[in-house]
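Here is a short note for a reader new to this structure. The points below go through the strands, a helix, a pocket and a disulfide in turn.

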Amino acid sequence: MVSIVLMLAGCAPTPEPTPTPTAAFASEEEAFAAAEETYRAYTDALNAIDPKNPETFERTYEFSGGGFQSADRENFSTMHAEGYVIDGDALVTRFVGKEVGESLDRVVAVICVDVSNVTIHDSTGASVVNPNRPDVYEVEVTFKRDTDRLRIDSADRIEGTTCEG
């Protein structure tokens with residue numbers, strides 16, 4: 001009986017090794033490139049939204065997480081409820097990588113976004129754009145890795161000179 005148990009034990013398959021977590025990127029340059037790709041894809045998705053059709057909001061959520069996504073959900077819901085109409089596209093004009101977390105799972109960048117061609121009107125056709133809105137915004141964006149990709153985690157408008165010139 002003991003020999004049968006030993007034979008069975010010897011024939012049992014060896015357990016699969018458990019994968020060890022690895023960095024999503026091999027270098028800071030790759031992390032910055034992935035963050036830029038994420039932000040540009042988010043901007044493309046944002047340009048495609050139609051406040052009348054909430055299904056168009058969903059694509060933007062693929063590129064965001066945390067409080068950033070929560071704020072978008074609230075803003076888009078308000079725009080839908082108020083009957084807003086958006087015309088024109090925002091354009092990313094500059095992406096400057098600022099820092100990468102030690103484990104390459106957090107990226108911070110300064111991004112310039114040209115909104116000069118974007119208009120937003122309420123259901124009566126009145127503009128809801130602040131007349132003092134600058135044509136180009138400078139934002140500091142933090143990206144965090146979520147499984148296999150970076151997502152926008154936060155964005156804060158900053159005053160600076162990166163977008164000038």
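**Notes on the model**

1. Val96 stands opposite Val110 in E3. This pair belongs to the contact between E2 and E3, which run antiparallel and are joined by eight bridges. Two strands count as paired if DSSP finds at least two bridges between them. Helices (H or I, at least four residues) and strands (E, at least two) are DSSP runs, numbered from the N terminus.

2. The model is predicted: local features need pLDDT of at least 70, side-chain atom pairs count only at pLDDT 80 or more, and totals for chains, interfaces and linings use all residues. Residues are numbered from 1 along each chain as its sequence is written, and side-chain values use heavy atoms, with hydrogens and water left out.

3. E2 and E3 form a hairpin with five residues between them. In the turn, Leu104 has a positive phi of about 60 degrees.

4. Strand E3 (residues 106-114) also pairs with strand E5 (residues 136-146), in the antiparallel sense and over nine bridges. Here Val107 stands opposite Phe143 in E5.

5. Together the strands make an open sheet of four, in the order E2-E3-E5-E6, with antiparallel pairing. Strand E2 (91-100) and strand E6 (149-157) are at the edges with a single partner strand each, so one side of each has no neighbour in the sheet. On average, neighbouring strands are turned by 30 degrees against each other, direction ignored. Axes are lines fitted to C-alpha atoms, for helices over the stretch in contact, and angles run from 0 to 180 degrees between N-to-C directions.

6. Helix H2 (residues 28-47) packs on this sheet and touches E2, E3, E5 and E6; contact means heavy atoms within 4.5 Å. The direction of H2 makes about 145 degrees with that of E2.

7. Which residues lie nearest the centre of the largest pocket? They are Tyr42, Leu46, Val115, Ile120 and Tyr137, out of 30 lining residues. H2, helix H4 (66-82), strand E1 (85-87), E5 and E6 each give two or more residues to the lining, and H4 gives the most, with six.

8. A search of the whole structure finds one disulfide, a disulfide being a pair of cysteine sulfur atoms within 2.5 Å. Cys112 and Cys163 form it, with sulfur atoms 1.9 Å apart. The torsion about their S-S bond is about -105 degrees, so the disulfide is left-handed. The pair links distant parts of the chain, 51 residues apart: Cys112 is in strand E3 and Cys163 in the segment after E6.

9. On the term used in point 7: on a 1 Å grid over the protein atoms alone, a pocket is an open set of points where a 1.4 Å probe fits, with protein on both sides within 12 Å along at least five of seven lines; lining residues have an atom within 4 Å of a point.
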